[in-house]
Amino acid sequence: QVQLVESGGGLVQAGGSLRLSCAASGRTFSSYAMGWFRQAPGKEREFVAAIRRSGGSTYYADSVKGRFTISRDNTKNTVYLQMNSLKPEDTAVYYCAANSLLVTTPRYDYWGQGTQVTVSS
């Protein structure tokens, strides 16, 4: 079992930055690939970014490539999402997720409760 708690969301103007954090419980954090997803009102949950267990490889949705960076610190059981050059269309609830395998679909075993990100124009 892994419990995930996101933080760092908030209201920011277009062009600004936010850094999301996701703290994981348990001693097996390094056994999981980690992903970030987001869901806007009336839309399906979509893939944002993912990172392998060791942090050696990262993957991004085309819509955030070059603006967002996923990273992890296995000593702190935490995964991060640095979001720069934010746009109003980035507004959504952001979720972190853990899974034994890295996938870019919402088929993850464990999910956090989500944190709201709102980008004003």
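Select Phe37 and Tyr108: both are buried. Buried means under 20% relative accessible area, with exposed over 50% and partly exposed in between (1.4 Å probe, protein chains only).

A word on the model before moving on. It is predicted, so local features need pLDDT of at least 70 and side-chain atom pairs count only at pLDDT 80 or more, while totals for chains, interfaces and linings use all residues. Residues are numbered from 1 along each chain as its sequence is written, and side-chain values use heavy atoms, leaving out hydrogens and water.

**Stop one: Tyr32 and Tyr110**

Aromatic rings of Phe, Tyr and Trp (its six-membered ring) pair if their centres lie within 6.5 Å; planes under 30 degrees apart are stacked, over 60 edge-to-face, the rest tilted. By this rule there are six aromatic pairs. Select Tyr32 and Tyr110. Their ring centres are 5.9 Å apart and their planes stand at 90 degrees, so this pair is edge-to-face. Now look at where they sit. Tyr32 is in the loop between strand E3 (18–24) and strand E4 (33–39), and Tyr110 is in strand E10 (residues 110–111), so the pair ties together parts 78 residues apart in sequence. Strands (E, at least two residues) and helices (H or I, at least four) are DSSP runs, numbered from the N terminus.

**Stop two: back to Phe37 and Tyr108**

This aromatic pair is edge-to-face too: 5.2 Å centre to centre, 75 degrees between the planes. Phe37 lies in strand E4 and Tyr108 in the loop between strand E9 (92–99) and E10, so parts 71 residues apart in sequence are tied together.
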